[in-house]
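Visitor: I am new to this structure and would like a close look at a single part of it. Could you take me slowly through how the helices there pack?

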Amino acid sequence: MILLAIGVVVLGVFALCFRQERRRFSNGVLLLLGILCVGAALIGSGAEGAGSDILVFFALALSPLLVLMPAGLLMLNGVVMMRREGVRPANLLSFGLGVALLIPYALLVVAVIAEWMVFGVVLLAVVLVAAYLGFVLVAFGLYSVVYGWVTRTDGAVAIVVHGSGLLGDRVPPLLASRLDRALGIWHTDRTHGPSPLLVTSGGKGCDEKVSESTAMAAYLVEHGVPDEEILREDRSTTTRENLLFSRELLARRGIESRILLVTSNFHVLRTALLARSVGLDAQAVGAPTARYYLPSAILREYVGILVEYKAINAVICALLVAAPVALAIFGAAS
């Protein structure tokens, strides 16, 4: 009952925080923690005298599960990527990370069986860090889905489409998917009120013939958008710059709210978090992406999240490394 009460309280805090500001990664952490606590309580309620046994089970089994499941999926995705696009370093990323996540667990089992205490303590510290990183990965994936589900697309005054690279001067499928998503929202909104202003955001790469913004605007015009309803932001090279420079363009038009950001579905949550960090009053929506491409793309976004919150992640990982070492020292002393 105590665990269930904790879970309900955590989910209640999540609901309050989500209503206040949905563009926080801490919302995802609260949501996953609440679900895990409620799930553990419900499973334990059916077992006679379960209580502490269920807590031990979840401490020892569930944390590794949060790593082992993504590891298996990453390895599977790596195989699919290599079959579809060849054996290249970028396509080995998913498979390599999946293998790397499994190695500490395999070595820990060997250390326990062989009774290598020092080696076992070191590996336990590694496993705890891996479990934490796995928890963050699951929280990121879960909250990305939740955030994408609840974001509304109606009533936008401006729609900012983020660039993602060109093939010479052509719009590739990934970018076309974003533009098509924006077009769908634009057509729907203009049937119920004034047409939202469209902003194409993206500079010119060294291997591109024109700026992403120019190619994107041409695509929109070809699909029926009047040229005067398009603003071109052609200086940005990163997502943060997309947001900052688009904010400047819209501010000149007197638009500071009811802004919708269109990007790929795997990039939605981090885009929303960045928008909040630069003070842009906007929500993000996602465009479909090829399924086989998603795991690698999500992995890159996840690494971006870890870097964005590097200080707190470093502190937590340091504490997790110190915990088994401290317990081993105190245990030996006693």
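**Helix α9 and its two neighbours**

Guide: In this predicted model, helix α8 passes helix α9 in a right-handed crossing. Helix α8 covers residues 239-252 and helix α9 covers residues 268-277, and the two pack at an angle of about 50° with their axes 10 Å apart. Because of that angle, α8 is oblique to α9. On the side of α8 the contact is made by T239, R240 and L243, while α9 brings T271, L274, A275 and S277 to the contact. Sorted by class, the residues joining α8 with α9 are three nonpolar, three polar and one charged.

Helix α9 also packs with helix α10, which runs over residues 294-308; the axes of α9 and α10 come within 9 Å and cross at roughly 30°. Since an angle under 35 degrees counts as roughly parallel, α9 and α10 are therefore roughly parallel to each other, and their crossing is left-handed. Here the contact is formed by R270, L273 and L274 of α9 together with E301, G304, I305 and E308 of α10. The contact of α9 with α10 holds three nonpolar, one polar and three charged residues.

Definitions and conventions. Residues are numbered from 1 along each chain as its sequence is written. This is a predicted model: local features need pLDDT of at least 70, side-chain atom pairs count only at pLDDT 80 or more; totals for chains, interfaces and linings use all residues. Side-chain values use heavy atoms; hydrogens and water are left out. Axes are lines fitted to C-alpha atoms, for helices over the stretch in contact, and angles run from 0 to 180 degrees between N-to-C directions. Helices (H or I, at least four residues) and strands (E, at least two) are DSSP runs, numbered from the N terminus. Angles under 35 degrees count as roughly parallel, over 145 as roughly antiparallel, 65 to 115 as roughly perpendicular and the rest as oblique. A crossing is left-handed if the near helix is turned anticlockwise from the far one by less than a right angle, and right-handed if clockwise. Contact means heavy atoms within 4.5 Å. Ala, Val, Leu, Ile, Met, Phe, Trp, Tyr, Cys and Pro count as nonpolar, Asp, Glu, Lys and Arg as charged, and the others, Gly among them, as polar.
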